[in-house]
Amino acid sequence: MKRKWRRTKNSPSLIHLAGKDSEKTPEHRSLHGTLLRHFSKSAIDLTRSRDRSNDRAGTGEDEARAESSDRSEASVHTHSHLAEKVALAQKTHGFLNTLRHRFQKSHSRDREREPSSPRDPVNGSSRTGSVPDVSQKDHSDHGGESSDPSGSTTPSTKSPRKGSEGRLNGEAGQDSAQHAALRQHEFFVVDVYLKHGRNLPAMDNSGTSDPYVKFKLGGKVVCKSKIVYKTLNPLWDEWFQIPIDDPYVPLQIKVYDHDWGMNDDFMGEAELDLSTLEPNREQEMTLNLSDSAKSGEQGSITLAANLVPKSKEEREQLAGAGSRSTDSKKLKNQQWSSVVTIVLVEAKDLMAMDSEGTSDPYVKLRLGAEKYKSKVQDRTLTPRWLEQFDMHLFDSGSQILEIEVFDHDARSKDDFMGKTTVDISKLEREKTHRLWCELEDGAGSVFILLTVSGMTNVETISDLLTYQEDPEQVDTIRKQFNLRNTLKQVKEVGHLTVKVFKAMGLASADIGGKSDPFCVLELVNSRLQTQTEYKTLSPQWNKIFFFNVKDIHSVLEVTVYDEDKDHKVEFLGKVSIPLLKIRPGERRWYALKDKKLLGRAKGNNPQVMLEMDLVWNPARAAIRTFNPREEKYTRPELKFKRAVFIRNVNRLKEMGAGFAEGAKFIKSIFDWESKPRTIAAFFAFMLGAYSFELYMAPVALLVVFFKGWVVNLVTAGFRSADDDDYVADDDDEDDDKDKAKDKKSSGDDEKKSLKEKLMAVQEVTAMVQNILGYIASLGECVQNTFNFTVPFLSWLAVLVLSVVAVVLYNVPIRYLVMLFGVHKFSKKLLRPNAIPNNELLDFLSRVPDNDQLRQFRELRPAQVTDAERRREQRMKQSQKKTS
């Protein structure tokens, strides 16, 4: 038998078949069928010989002995021959199974077109296509009943294989339909979300393991998970995209234990049959791991898989890119269709999870494969996070945003407090939505701002090249904000249209001297962005955006970023434009500034071309001015900085110098340093005290406004609009020094305690710094109000003071005091949800201080070349033709 196996193994035909995988000829199918029929015929001959032996049992003893001797020799010869054939079949079984998989991969389309062959007379099972299935061969190899051509059956010593007949007959229709559905597509991508493992075997001496997972396809590793240390129940929470050529090739999942400097230990494996997955439907499953060298359970892993069919064009995009892991990353980067910006603001009425009646809540966000975690807010049921997260929508990915709230515990597992979901597909694009999301399986609600923008699809609503202005819509907007309709929708102040054309002179952020820029527009809490233009320093976005204006004193912030790997960003430039400075319908270049909005950004005079149109109602804007200003949720936290502290002190000194001069002048009057001046002041004081009326106070302020208006007219032509000579301070250097100090102070316990003391001192100094800054800012706002820095606000103050003077002149003061008291006492009853406010402080909050004026000051843009002008003219002409 060994000699025959060697001859068979070394036979030229088998070497030819095994060595040339690329040749898929009918000889393979012929060889396979011949072997199966040969083994089945041997089994049938053995059965017939046993029947003849039983029929001849009644003959004479002599004849029986003679025949028994002959039958013994024939039986020995037959059994020996059959055993040799069975051994040969067992040894070639693996080779034929491998050959079948290769046939299925290369001749999958041929199998689909060819009709089913008639039932095999040997094994009685139908075979699809031209490739025989090794798993369906004669039952004499695997036990069960073997049937001869006459229909009689002979029991075998082995039990039949479980479920094989049901799979072949009962599920034949379902398998064929699934097969036909899969063969309609030439290429697939499987999205695998690896969640966690449970009850894995302990491989280390400590009773734990350091597990990680390898995904293999066709014997090659296509992706690998992270290592989770010291656990038997790892939480991977990772997402992979794997290109698939043939869904009939199973995905092998192997788990290993990581060992430093040694070979990693094998912990178990499982297979995922991709052909059983329903396309475009995420299915969660738990796979039990097995190890052939060990008995018993090896644990399990839980994952979700989604088989996504792809077109031929998408397949060609991945051709020639190297390894499959690289291809999946490229596919991931190319497919996101829009950006989802989420601002996690606050929550209220959460469950108390701690014994003190409070919680330490934090939030987990998940959209498809992307996930983020917020900061922990200690000991509160009304946390306020004010954090921003940028997530991405994929064409084939999920559009359900999952929000989960947990209570942080330092010594145990975090407690679940509730969850909610948001269907992004139902939300309007290019608009910021304010959503209060009620928590399920818990209590309370979460407040978020959600915006879907940055869409890469062709012909989107924000595409300027395909946008056509609707005259009826324009007339509707202008009528809405007409003065005659002031009392309708009082909270809607105006409508802003921004066209973002292009940028030039940007700094290179990539190694190749290029950048991947995109532009972000922010109006208070509304945030929209363009698509990313790759590998360029002069991007052309050509987008149009619309904003609802609720406060005319808001500032439009236009920021250009560079997109890096993993969707991180790098700052390229920024410009802040107050809405009151917008010139409607003017297309112009705006010079980009640095992060502090005081100097030019890096690059070759970087600038961005914008065109804005603002329609607003002055009466609504005036009413809104005396109400609380909308808080910007993404404003950075003000930390202590030495340079900022010194600057605030200097601002107070400048203000104090003016008050000191006034006090010194008054003191000189009372000290009779100049007798004529003192005598004139005395008679003026007596005359004013005798004839003073309350209405004279606003009149005196009007005189101060008149003086500021005259000064503003005289000095307006001498102001410079350029501030290129600004030199940045050392705030960043101070931050680096503070970080270095923090790192040095975290070595041992003494240094940690010192760090805590420094942090406490820093909180106090930051509070003092912010108070000084607020006082200085308030004084500068008052000064800029009288200087007509913002004409709308100054004239509004003049109007209010004039009305107050007239009222005080005609209405007795006691009636005004009574009216003021009625207003204060009835305010809470008439408007229970109204926010307590001070109208004077709300008005002053709209007036910019000196720091803000420096930030709003426009830099002189670079000169545009003649070639660029001609290009712009051609673009305008082409737009006119299309419109």
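Guide: A salt bridge is a side-chain nitrogen of Lys or Arg within 4 Å of a carboxyl oxygen of Asp or Glu. Keep in mind that this model is predicted.

Visitor: Okay, how many salt bridges does the structure hold?
Guide: Side chains of opposite charge can pair when their charged atoms come close. Going by the 4 Å cut-off, the number of salt bridges in this structure is 24.

Visitor: Let's pick one. How far apart in sequence are the parts that Arg 588 and Glu 858 tie together?
Guide: The two side chains meet in a salt bridge, at 2.7 Å from N to O. Arg 588 sits in strand S25, while Glu 858 is in the loop between helix H20 and helix H21, so the parts they tie together are apart in sequence by 270 residues.

Visitor: And is Arg 588 buried or exposed?
Guide: Buried means under 20% relative accessible area. Arg 588 has 17% relative accessibility, so Arg 588 counts as buried.

Visitor: Which residues are joined into one network with Arg 647 and Asp 851?
Guide: Start with that pair: the side chains of Arg 647 and Asp 851 meet in a salt bridge, 3.8 Å from N to O. Arg 647 is in helix H12 and Asp 851 is in helix H20, 204 residues apart. Through salt bridges that share partners, the network with Arg 647 and Asp 851 also takes in Arg 651, Glu 780, Asp 849 and Arg 854.

Visitor: Now the helices. How are H11 and H17 placed to each other?
Guide: Two packed helices are described by the angle between their axes and the distance between the axes. For H11 and H17, the axes lie 12 Å apart and the angle is about 80°. Angles of 65 to 115 degrees count as roughly perpendicular, so H11 and H17 are roughly perpendicular.

Visitor: How many residues of the contact of H11 with H17 are nonpolar?
Guide: H11 brings Pro 618, Ala 621, Ala 622 and Thr 625, and H17 brings Phe 792, Leu 793 and Leu 796. One residue of this contact is polar and no residue is charged, which leaves the nonpolar ones: six.

Conventions. Residues are numbered from 1 along each chain as its sequence is written. This is a predicted model: local features need pLDDT of at least 70, side-chain atom pairs count only at pLDDT 80 or more; totals for chains, interfaces and linings use all residues. Side-chain values use heavy atoms; hydrogens and water are left out. Axes are lines fitted to C-alpha atoms, for helices over the stretch in contact, and angles run from 0 to 180 degrees between N-to-C directions. Helices (H or I, at least four residues) and strands (E, at least two) are DSSP runs, numbered from the N terminus. Angles under 35 degrees count as roughly parallel, over 145 as roughly antiparallel, 65 to 115 as roughly perpendicular and the rest as oblique. Contact means heavy atoms within 4.5 Å. Ala, Val, Leu, Ile, Met, Phe, Trp, Tyr, Cys and Pro count as nonpolar, Asp, Glu, Lys and Arg as charged, and the others, Gly among them, as polar. Buried means under 20% relative accessible area, exposed over 50%, partly exposed in between (1.4 Å probe, protein chains only).
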